[in-house]
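I have opened my notebook and want to look up a few things here. Come along and check each entry with me.

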Amino acid sequence: MAPKLPPQYPLQHSTVAAADGEKQSHSAPPSGILRWLLTTNHKEIGSLYLIFSLTMFFIGGIFALVVRAELFQPGLQLIQPEFFNQMTTMHGLIMVFAAVMPAFTGLANWMIPLQIGAPDMALPRLNNFSFWLLPVAFTLLLSTLLMPGGGPNFGWTFYAPLSTTYAPASTTFFILALHMAGISSILGAINIIATILNMRAPGMRLMDMPLFVWTWLITAFLLIAVMPVLAAVITMMLMDINFGTSFFDAAGGGDPVLFQHLFWTFGHPEVYIMILPAFGIVSAIIPTFARKPLFGYASMVYATAAIALLSFLVWAHHMFVVGMPLVAELFFMYSTMLIAVPTGVKIFNWVTTLFRGSISFESPMLFALAFVVLFTIGGFSGLMLAIAPADFQYHDTYFVVAHFHYVLVPGAIFAIMAAVYYWLPKWTGHYPNERLAQWHFWFSIIGVNLTFFPMHFAGLAGMPRRIPDYALQFADFNLLSSVGAFFFGTSQLLFVAGIVMCVRGGKKAPAKAWEGATDLEWTVPCPAPLHTFETPPVMHRTSH
C-alpha cells in the first residue's frame, strides 16, 4: 500500500449502470423557473452559484473599468471623487464576496459529491437556502448606489470612522447585505463539512480524498471561525451609526484601531478562504496534464492545514503603521514570513510533479501553470510587505494593490477559470473550444500583467491608492495599467463565449475526458447525470 500518495481505486460497482438506473428511478423535476427556485440537487445549485458568480464578476469588473478610465490620465476626467470612491469600494466588495467566494462554493457544490462518491450534499434544502440568500444580498448592496447619498464610499475594508461617523445613509443596507452573505457562507460551510465527514464512499479515508476536497474541508472550518467576527464588527458599526454607541469613536471612549484589529482577524483568514480552494484545483489539474501522481500528497494536506492555522496569527501585518509596540511588530513580521513556508511547500510539490512529466498544454493546464508562476510573484511581494520597516514605505500605495491583485486575479480567478475548462466536459458532455480557450488564456495573461505589474513601480515611487487624481510622474504607469485593464476585461467575453459554445455543443467527451485524470468524478458519464452514486461505489486500495 502506498503510504503517501492517494491510491487509485477500481470501482466495485459500474458507475455508468448506476447512473442509468437512477435516471429511471426519479420523477422529472419541475420545469421552468420553479425548477431553479426549488432545486435541492447539488449540480443545479452549483450551476446557480457559478452563473451568479460570473454575472457579479462582470459587474465588479465594470466598476473596476470605471476606476481605470478615471485614472487613465492625471486630473479629474470622467467622474466626481465621491463616485470614484463608491466604484472603488463596490468593486472590492463585489469581487471578494460576490464573485470569488461564490465561484469556489459553486465548484464545491458540483464536484465534492462527485469526488467522494456521495449522492448529494448532506443538507440539500439548506443548500438551496444558502444560495438564494446571495442574489437578495447583492441586489440590496448594488441598490445602495441609487439611494440618497450614494453607496458605500469608504473602501472594501470599511474602516471606522469613515464607515460610521462619515458614512452615507445607505451604510445600514450595506451591513444587512453583508450579514446575509455571511449567513450564506456559514450555512454553506456547515453543509460542506457534514458532506465530507459523513458521506464519503465506503473505503475512502480522509487521506484518500482529492486535494480539492481537502482544501475545501479546511476552508469550511475557516469560514465558520471568521465569519462571526465579520458579523460582530458590522453589528458594532450598526450600533455606532444608529444607537449612539461608541465602539469605534474615540470621543465616546471607543477606539478606531479596535475596528482594524477585528476586521483583519476576519480579513486575513478571508484571503486564504479565497485561495485554498485554488490550491486544490491546481493540485488536480497539474497531475492530470503532467500524467504523474501529485508529488507529496500528505505534505500538501499538512501544508494546507498549517496555512489555515497560521492565518489566525498574522492579521496585524495590515496594521504596522498604527503604532503597535515593537514586540508586536516583530511577532507579526516573523509569523507572516513563517506562513510563506507551507505555501512554498505547495509550489515545490507542483514543480516536482511537473518534473519529467509527460506534459500537455491544454487550456486548464495553461491557467494552472500561470497560477503557479504569477501567484508566486504575489507571494514574493507579500514577503516584502511582511518586513515592518519596509511596509512603512509601501503601506497604502499601489504596491499593495499590485500585491493583492497578483494573489487574487492570476491566483484565485485564474484557478477558477482553469477549473471551469477542466470540468466543463463533466458538466456539459462537450469539450470546450480549445482554440478559443487558448486565445482567452493569452489575452488574459497579457492583460493581467500589463494591468498590475506597473502598479509595483507606481507604488514604490510613492503613488497612494484610492485617489482619483495623481501627480504627473505617475502618468505612464497609470496609462499602461488602464490599457491593460480594458484589454483584460474585454478578453473575458471570450470566456463567456467559450462556455456558451460548450453548453450548446462541441466535441463529445467520454466519461474520462482527460487522459491523465484519476479522480472519482471521471468514472461518471459526461455529462454527469442529475443523480449519481445512489448506490455508493466501494473503494479498493491497489498495491503500488
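This is a predicted model: local features need pLDDT of at least 70, side-chain atom pairs count only at pLDDT 80 or more; totals for chains, interfaces and linings use all residues.

**Entry: a proline in a helix**

I began with Pro124, which lies in helix H5, residues 124–143. Helices here are DSSP runs of H or I with at least four residues, numbered from the N terminus, while strands are runs of E with at least two.

Buried means under 20%, exposed means over 50%, and partly exposed is in between, with a 1.4 Å probe and protein chains only.

Next I looked up what Pro124 touches. Leaving aside neighbours within four places in sequence, Pro124 is in contact (heavy atoms within 4.5 Å) with Thr40 and Ile45. I then checked Gly462, 338 residues along the chain from Pro124, and found their C-alpha atoms separated by 51 Å.

**Entry: confidence**

I looked up pLDDT, the predictor's confidence in each residue, from 0 to 100. The protein averages 92, and 94% of the residues score at least 70. Over residues 1–25, pLDDT stays under 50, and the model has 53 contacts beyond four places in sequence for them.

**Entry: a nonpolar patch**

I found a nonpolar patch on the surface, formed by Leu326, Leu330, Tyr334, Met337, Phe380, Leu383 and Ile387, with about 650 Å² of accessible area together. Patch residues have over 30% relative accessible area and no salt bridge; like charges are joined within 9 Å, and nonpolar side chains (Val, Leu, Ile, Met, Phe, Trp, Tyr) within 5 Å. A salt bridge is a side-chain nitrogen of Lys or Arg within 4 Å of a carboxyl oxygen of Asp or Glu. Areas come from the Shrake-Rupley method with a 1.4 Å probe.

Which helix gives the most to the patch? H11 does, with four residues. Tyr334 is found in H11 and counts as exposed because its relative accessibility is 52%.

**Entry: cysteines**

How many disulfides does the structure hold? I found zero; a disulfide is a pair of cysteine sulfur atoms within 2.5 Å. The sulfur of Cys502 has its closest cysteine sulfur in Cys526, 10 Å away, so it is too far for a bond. Cys502 is buried, at 2%, and Cys526 is buried, at 14%.

Conventions:
Residues are numbered from 1 along each chain as its sequence is written. Side-chain values use heavy atoms; hydrogens and water are left out.
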